[in-house]
Amino acid sequence: MIRSEILKEIAPILRNELVVCNIGIPSQELHAIDDQPSNFYMLGTMGLASSIGLGLALAQPKPVIVIDGDGSILTNLGTLPTIGNNAPGNYILMIIDNGSYGSTGDQPTYTSQRTDLAGMARAAGCARVVEVQDKDTGPALEDALASGEATVLVVKCDSGNAKMPVITMDPVVIRDRFMKAVAG
């Protein structure tokens, strides 16, 4: 499975949750598959979805699911010890690890070689780290939501992007409707 196929599979689970989605093609894919006011699409700032989602989870009680990629996590490795030492029980970081920088042309990341993001998350202090294969994402995400524990979910999948349109929604509109979803 590639990332877009995983997103199609878990879209019904995400529908009523606050979701912060990684920059670039992952946001385009989620927007095209199941746009929701409770989805915050990153249109800039590679590597910061996990940090923005952590701040949101710390500031309010609703579950927050961050959809990130291996390339973005590797861009901002400081996020893992911050999550490991501060994440509340309503925080889920789902790293879709396809071993590539998908939004820039599928150049391989080090997770396609010897780097182990699940091991790095554990070493950074993240207590609940779950690694699954693509086909098991839905049940693993439901388990993470039911657990009430901060969770890092590393989803191993194939590299590749679906052709999706660019998000044309104004960033201010994305922000405003997301803030209403947070307050609602």
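Reader: What do the buried residues of helix 2 pack against?

Author: They pack against helix 1 (3-14), strand 1 (18-21), strand 2 and strand 3 (64-69). Contact here means heavy atoms within 4.5 Å. Helices (H or I, at least four residues) and strands (E, at least two) are DSSP runs, numbered from the N terminus. This is a predicted model: local features need pLDDT of at least 70, side-chain atom pairs count only at pLDDT 80 or more, and totals for chains, interfaces and linings use all residues. Residues are numbered from 1 along each chain as its sequence is written, and side-chain values use heavy atoms, with hydrogens and water left out.

Reader: What makes helix 2 "mostly covered"?

Author: Helix 2 spans residues 25-34, and seven of its 10 residues are buried. Buried means under 20% relative accessible area, exposed means over 50%, and partly exposed is in between (1.4 Å probe, protein chains only). The buried set is Ile-25, Pro-26, Ser-27, Gln-28, Glu-29, Leu-30 and Asp-34.

Reader: Why is Ser-72 called buried?

Author: Its relative accessibility is 3%. The limit is under 20%, so Ser-72 counts as buried. Ser-72 sits in helix 4 (residues 70-75). Setting aside residues up to four places away in sequence, Ser-72 touches Asn-22, Ile-23, Met-46 and Gly-47.

Reader: How many aromatic pairs does the structure hold?

Author: One. Rings of Phe, Tyr and Trp (its six-membered ring) pair if their centres lie within 6.5 Å.

Reader: Is the pair of Phe-40 and Phe-178 stacked, edge-to-face or tilted, and how do you know that?

Author: A ring pair is described by the distance of the centres and the angle of the planes. The centres of the Phe-40 and Phe-178 rings are 5.3 Å apart, and their planes stand at 50°. Planes under 30 degrees apart are stacked, those over 60 are edge-to-face, and the rest are tilted. At 50°, this pair is therefore tilted. Phe-40 and Phe-178 are both buried.

Reader: Which parts does the pair tie together?

Author: Phe-40 lies in strand 2 (residues 39-41) and Phe-178 in helix 8 (residues 171-183). The pair therefore ties together parts that are 138 residues apart in sequence.

Reader: What makes helix 1 roughly parallel to helix 7?

Author: Their axes come within 9 Å and cross at roughly 30° (helix 7 is residues 137-147). That angle makes helix 1 roughly parallel to helix 7. Angles under 35 degrees are roughly parallel, over 145 roughly antiparallel, 65 to 115 roughly perpendicular, and the rest oblique. Axes are lines fitted to C-alpha atoms, for helices over the stretch in contact, and angles run from 0 to 180 degrees between N-to-C directions.

Reader: Which residues meet in helix 1 and helix 7?

Author: Ile-6, Glu-9, Ile-10, Ile-13 and Leu-14 in helix 1 meet Thr-137, Gly-138, Leu-141, Glu-142 and Leu-145 in helix 7. By class, this contact has six nonpolar, two polar and two charged residues. Ala, Val, Leu, Ile, Met, Phe, Trp, Tyr, Cys and Pro count as nonpolar, Asp, Glu, Lys and Arg as charged, and the others, Gly among them, as polar.

Reader: Is the crossing of helix 3 and helix 5 left-handed or right-handed?

Author: It is left-handed. That means the near helix is turned anticlockwise from the far one by less than a right angle; clockwise gives right-handed. Helix 1 passes helix 7 in a right-handed crossing.

Reader: Why is helix 3 called roughly parallel to helix 5?

Author: The axes of helix 3 (residues 49-59) and helix 5 (residues 79-86) come within 10 Å and cross at roughly 15°. That makes helix 3 roughly parallel to helix 5. Ser-50, Ser-51, Leu-54 and Leu-58 in helix 3 meet Thr-79, Thr-82, Ile-83 and Asn-86 in helix 5. The classes here are three nonpolar, five polar and no charged residues.

Reader: Where is Thr-45 found?

Author: Thr-45 is in the loop between strand 2 and helix 3. Thr-45 has a positive phi of about 65° although it is not a glycine. Its relative accessibility is 45%, so Thr-45 is partly exposed.
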